[in-house]
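Colleague: I am new to this structure and would like a close look at a single part of it. Please take the surroundings of the ligand.

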Amino acid sequence: KSAGEIRHDDVDSLESHFPPCMRNLHQHLRADAHLKYFGRVQFGLFLKGIGLPLEEALVYWRKAFHRLTDDEFQKKSYAYGVRYNYGVEGKRTNWTPYSCMKIITSNQPSAGDHHGCPFKHFSPDNLRDLVGRYGCGDSGASEVLRIAKAGHYQVACTRLFELTRGEVHKQANRIAAGGDAEGAGGGGGMVETIEHPNQFFDMSFKGQDS
Ligand code: SF4
């Protein structure tokens, strides 16, 4: 199962499958009707990766920036930026969504920025709040925070995935493997380490309703 091609008005309903970095960007975009440059690139390429085509992306971002006039949306290069992400402006490169490593190590966020990886860039209180919204319970949240504090950001993200949807994913694997996925877990590690936000999305989407 894959999300396939999605429309601009599908994005909100898919948020439950977003990893923390993208859920955070999506929620700030909704609240502020704006994202700064690196946030637009990080989230825009992620949406491209989950199957939002260029024409739908242009509608999505125009509606998301609803406090702007059409003229401002065009003149402030927001539409250009969307087209750039899809390789039809500027260098005409078919840009790929950022990996976790790229998000963690480059373009460090400053005040007012919402891009980056929450496991690395959030304060403990903000991270606990965001992780708590995934419904992993107090002890699960504490465990995830401990792993993040030790600097293992992607492991923390993977643990969050396991705590909130790992069993579902394991069942999907068992079905895909023809009924025998014993040993796929072991030691509590049921899913492969998250290396990419789109991997988190794909695994979560694939595992739903299994
Ligand atoms: Fe996003 Fe990767 Fe950080 Fe998870 S580990 S929140 S997917 S950047």
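Modeller: What follows describes the shell around the ligand and then the core that goes with it. This is a predicted model, in which local features need pLDDT of at least 70 and side-chain atom pairs count only at pLDDT 80 or more, while totals for chains, interfaces and linings use all residues. Residues are numbered from 1 along each chain as its sequence is written.

As background, the protein has 11 helices and zero strands; helices (H or I, at least four residues) and strands (E, at least two) are DSSP runs, numbered from the N terminus. Of its 210 residues, 35% count as buried. A residue is buried if 20 or more other C-beta atoms lie within 10 Å of its own, exposed if 12 or fewer, and partly exposed in between, with C-beta atoms placed from the backbone.

Now the ligand. It is surrounded by 14 residues, and the closest are Pro19, Cys21, Cys100, Cys117 and Cys157. Two or more residues of the shell come from each of helix 1 (20-32), helix 6 (100-105), helix 7 (118-121), helix 10 (153-176) and helix 11 (197-207). Helix 10 gives the most, with three residues.

By type, the shell holds 13 nonpolar residues, one polar and no charged. Ala, Val, Leu, Ile, Met, Phe, Trp, Tyr, Cys and Pro count as nonpolar, Asp, Glu, Lys and Arg as charged, and the others, Gly among them, as polar.

The ligand lies between domain 1 (8-98) and domain 2 (118-207), because both give residues to the shell around it. These bounds come from an automatic or database domain assignment.

Cys157, one of the closest residues to the ligand, also belongs to the largest nonpolar core, where Cys157 and Leu160 touch the most other members out of 43 residues. Such a core is a set of buried Ala, Val, Leu, Ile, Met, Phe, Trp, Tyr and Cys residues joined through C-beta atoms within 7 Å. Helix 10 gives the most to this core, with six residues. Both domain 1 and domain 2 give residues to the core, so it lies between them.

Leaving aside neighbours within four places in sequence, Cys157 is in contact with Pro19, Pro20, Phe119, Ile194 and Phe200. Contact here is two C-beta atoms, placed from the backbone, within 7 Å. Pro19 is itself among the residues closest to the ligand.

Key:
Near = placed C-beta within 6 Å.
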